[in-house]
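Biologist: Hey, could you walk me through this model? I'd like to start with the ligands and then get to the charged residues.

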Amino acid sequence: MRVLSGIQPTGRPHWGNFFGAIAQYIQLQQTHEGFYFIADLHALTTIRDPQQLRQNTFDAALDLLALGLDPTKATLFVQSAVPEVSELTWLLMTGTPMGLLERCHAYKEKKAKGLTADAGLFTYPVLMAADILAYDSQLVPVGQDQVQHIEVCRDIAGTFNHQFGETFVLPKAKTLEHGAKVPGTDGQKMSKSYDNTLPLFGDEKAIRKQIMRIVTDSRAMEDAKEPESDHLYQLYRLFADRDQVDAMAAMYRRGGFGYGAVKKAVADASEAYFAAARAKRRDLEANQDYVQQVLTAGAGRAREIASTVLARAKSACGVGL
Ligand code: ADP
Ligand code: TRP
C-alpha cells in the first residue's frame, strides 16, 4: 500500500508535530511504501522571505532524517522539485466548486485571524489534492486538522473520475489516536500559533527551562489528582514506558507530590527519548551533501510516478494532443 504525507516547513518542529504526524511516518515506513515531502509551495502561502523558506525547507529534511525517516525505505523529496504536481493542480482546479473550498476550516480560521486571503491560500487544498493524487496514494497519515482536506481531495478526485472516467485513486486519511492532541505549556493544544510549543531540537537547557515553566493548577502538594485530566501527565505519557506511566498515575491518585517533580520527570524522559535524534541531526548538519543527494534521488523517484499520473489525467480530460 502506498502511503504519502507532506510537512509544511513553517517553523521548528515541536512535540505536537512529532507525536501527531512525524511518528506515524516513521512507523509506517516499516510496512508500507512511503512517500514523504516537504511542502514548500504550501509554505509560500505564509512565508514571504526567500532565505527563510529555503532554510526551513532544508531544516525540515534534516529533522525528518534525524527523527528516523530512512531513505532506503521511504522516498523523501521537496514538493516543488516535482513540477508535475503544479500542472496537475490546474487540471483539478477546474471542476473544484468554490463552495467546497470556502467550507475548509484551515482557510476560514486563517481568514478570521486577519491573514490576507489570496488565491494561494484559498486554493491550498487543491494543491494538496494534487500532492496526494499525483502518486496514486492510498493512505495519508495526518493530524486531525488535516482530515477535512483529505475529504476535499476525495471529492475532487471523485468528480474528475465521474466526468472523465477512472483516473485517480481515492485516498484514505489515517490519524493516530494518542497523537490527536498533544497539549502545550499552557494546557491548550500545542501549536505555533499559541506560542506554547516545546521544540524537538534546540538547546537542551533552554527546553528544560521551558518545561519547568509549564503552567499548573493551584492544587496543594498533599492533594490527590486524577492524572488523565492533567496536561503534565499527558506529556509524560508520550515518553515513558508502561510501567513508568502506571507508577506516575498511582502517584497522582495517592497525592503527596509536587508538580516540580513531574516536570523534572517530563524533562528527563523527553531528553532520553530524543537523544538519538539529536545526535543524528548533528551528524547530518555536517553532511549536507548527503542530505541533498537523498532529496535529489527522492525527487527522481517521485517524478517518475507523478509524470505517469499526470499523463493519464491529461489524456482523460483531453488536454494536449
Ligand atoms: P502548528 O499547529 O504548530 O502550526 P502544524 O499545523 O504545522 O502545527 O501541524 C503539522 C502537523 O502536526 C499536522 O499534521 C498537525 O495535525 C500535527 N500537530 C500539530 N500540533 C499538534 C498537536 N498539538 N497534537 C497533535 N498533532 C499536532
Ligand atoms: N497541509 C498539510 C499540513 O499543513 C501539509 C500537506 C501538504 C500535506 N500537502 C499534503 C499533507 C499532502 C498530506 C498530504 O500539515
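Biologist: Which backbone does a nitrogen atom of ligand 1 sit 3.2 Å from?
Modeller: That's Gly-16, through a polar backbone atom. It's a polar contact, meaning a pair of N or O atoms within 3.5 Å; inside the protein, one must be able to donate a hydrogen and the other to accept it, and residues adjacent in sequence count only if both atoms are side-chain atoms.

Biologist: What are we looking at, and how is it numbered?
Modeller: It's a predicted model, where local features need pLDDT of at least 70 and side-chain atom pairs count only at pLDDT 80 or more, while totals for chains, interfaces and linings use all residues. Residues are numbered from 1 along each chain as its sequence is written, chains are lettered from A and ligands numbered from 1 in the order in which they are written, and side-chain values use heavy atoms, with hydrogens and water left out.

Biologist: Which side chains have an N or O atom by an oxygen of ligand 1?
Modeller: Asn-17 has one 3.1 Å from a ligand 1 oxygen, and Ser-191 has one 2.7 Å from a ligand 1 oxygen.

Biologist: How much of ligand 1 does the protein cover?
Modeller: On its own, ligand 1 has 540 Å² of accessible area, and the protein covers 83% of that. Such areas come from the Shrake-Rupley method with a 1.4 Å probe; for residues, only the protein chains shown count as cover.

Biologist: How many residues surround ligand 1?
Modeller: 15, with His-14, Asp-145, Val-182, Ser-191 and Lys-192 the closest. To surround here, a residue needs a heavy atom within 4 Å of the ligand.

Biologist: OK, ligand 2. Which polar side-chain atoms lie by a nitrogen atom of ligand 2?
Modeller: One from Tyr-124 lies 2.7 Å from a nitrogen of ligand 2, and one from Asp-131 lies 2.8 Å from a nitrogen of ligand 2. The protein buries 90% of the 360 Å² that ligand 2 exposes when taken alone.

Biologist: Which element gives the most to the shell around ligand 2?
Modeller: α8, with 4 residues. Helices (H or I, at least four residues) and strands (E, at least two) are DSSP runs, numbered from the N terminus.

Biologist: Switching to charges: how many salt bridges are there?
Modeller: The whole structure has 17. A salt bridge is a side-chain nitrogen of Lys or Arg within 4 Å of a carboxyl oxygen of Asp or Glu.

Biologist: What does Arg-281 pair with?
Modeller: Asp-63, at 2.6 Å from N to O. Arg-281 lies in helix α13 and Asp-63 in helix α3, so the pair ties together parts that are 218 residues apart in sequence.

Biologist: Are those two buried or exposed?
Modeller: Both Arg-281 and Asp-63 are buried. Buried means under 20% relative accessible area, exposed over 50%, and partly exposed in between (1.4 Å probe, protein chains only). They also belong to a salt-bridge network that links Arg-12, Asp-59, Asp-63, Arg-281 and Glu-285.

Biologist: What about Glu-271?
Modeller: Glu-271 meets Arg-208 in a salt bridge at 3.1 Å, N to O. That pair links helix α13 with helix α10, 63 residues apart. Glu-271 is partly exposed at 24%, and Arg-208 is partly exposed at 23%.

Biologist: And where is Arg-219?
Modeller: In the loop between α10 and α11. Arg-219 is buried yet has no salt bridge, and the nearest side chain of opposite charge, Asp-217, is 5.5 Å away. Here Lys and Arg count as positive and Asp and Glu as negative; His and the chain ends are not counted. A polar atom of the Arg-219 side chain does lie 3.1 Å from the backbone oxygen of Met-221.
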